[in-house]
Amino acid sequence: MSEAARSLLQRWGASFRKGTDFDSWGQLVEAIDEYQILARHLQKEAQSQHNNSEFTEDQKKTIAKIATCLELRSAALQSNQSQDEFKLEDLKKLEPSTLLPRLPSEPGMTLLTINIEKIGLKDAGQCIDPYITVSVKDLNGIDLTPVQDTPVALRKEDTYVHFNVDIEIQKHVEKLTKGAAIFFEFKHYKPKKRFTSTKCFAFMEMDEIKAGAIVIELYKKPTDFKRKKLQLLTKKPLYLHLHQTLHKE
């Protein structure tokens, strides 16, 4: 998949989530606008000539179907009598993933897959629509790879929020700059304030890239990408649980 296609998928995923967030919060005018704008972009891509498209014909058929579903939900929101005809829950099942595929392998180079298993939080059960934003930053907090959002967590039980999702780091390990770190920002929706907030964050430095399981500490927000003023979230033994897989040709 080309960089242009990756960028498109990220933008579409962010727009889709923005629209469904507005929808779930009851901000119907904003939801309708976001759905219609995204539907137009998707239809334009689906109808583009093969040589001018970043996607295969089969992929364009799927893109067109998602656009149609966005239009159906938008129409339902504009008519109180038909809101049950295409529900928000139905639309969310079609959410385009903002997770990116693994890069092509290169001789002598290592690719990293990180499975985000779960995160421990004392109030795990109270988190609404939690997800994790993953980014790779240099020492100055500058992005070295595209930022990726996980889907909303699979489940919450006891003091854990479970994800079990694979993140493909979008740069060969050997090409990451000295002092780089991989950040994980845990985010959730706050209904009283009606916005998505970062609850805490964790990070993994380059010397921690090793095959197998790893647990890393959680820090208080705001996210400190420069790693200058870090404060642990809690003294309790609560961590982000990851599993790393290294791929080397």
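1. The model is a predicted one. On that basis the protein chain holds 4 helices and 10 strands. Their order along the sequence is α-α-α-α-β-β-β-β-β-β-β-β-β-β. The radius of gyration is 20 Å, close to the 18 Å that the globule rule gives for 249 residues, so the chain is as compact as a globular protein of that length.

2. Overall dimensions: the C-alpha trace spans about 55 × 45 × 30 Å along its principal axes. Of the contacts between residues at least 6 apart in sequence, 67% join residues at least 24 apart.

3. On surface and burial, 47% of the 249 residues are buried. The accessible surface of the protein chain is about 13,600 Å², and carbon and sulfur atoms account for 50% of that area.

4. Charge: there are 38 positive and 35 negative side chains in the protein chain. The centres of these two sets lie 6 Å apart.

5. Which residues touch the most other members of the largest nonpolar core? They are Ile-116, Phe-184, Met-204 and Leu-240, in a core of 32 residues. The elements that give two or more residues to this core are strand 1 (110–120), strand 2 (128–137), strand 5 (160–168), strand 6 (181–190), strand 7 (195–205), strand 8 (212–217) and strand 10 (239–248). A second, separate core has 25 residues, including Trp-25, Leu-70, Leu-77 and Tyr-189. As background, nonpolar side chains in soluble globular proteins tend to be buried together.

6. Asp-129, in strand 2, has a positive phi near 45°. Asp-129 counts as partly exposed because its relative accessibility is 32%, between the 20% and 50% cut-offs. Asn-164, in strand 5, is not a glycine either and has a positive phi of about 50°. Asn-164 has a relative accessible area of 53%, so this residue is exposed.

7. Where is the cis peptide bond? It joins Lys-221 and Pro-222, with omega at about 0°. Pro-222 lies in the loop between strand 9 (219–220) and strand 10.

8. Ser-24 belongs to helix 1, which covers residues 3–25. With a relative accessibility of 37%, Ser-24 counts as partly exposed. How far apart are the C-alpha atoms of Ser-24 and Thr-110? The separation is 41 Å, for two residues that are 86 residues apart along the chain.

9. Val-29 is part of helix 2 (residues 28–46). Its relative accessibility is 59%, so Val-29 counts as exposed.

Definitions and conventions
Residues numbered from 1 in each chain as written. Predicted model: local features only at pLDDT ≥ 70, side-chain atom pairs only at ≥ 80, totals over all residues. Heavy atoms only, no water. Rg over C-alpha atoms; globule rule 2.2 N^0.38 Å. Buried < 20%, exposed > 50% of the residue type's maximum accessible area, 1.4 Å probe, protein only. Contact = heavy atoms within 4.5 Å. Areas by Shrake-Rupley, 256 points an atom, 1.4 Å probe, with all protein chains shown as cover. Lys, Arg positive; Asp, Glu negative; His and termini not counted. Charge placed at Lys NZ, Arg CZ, Asp CG, Glu CD. Core = buried A, V, L, I, M, F, W, Y, C linked by side-chain atoms within 4.5 Å.
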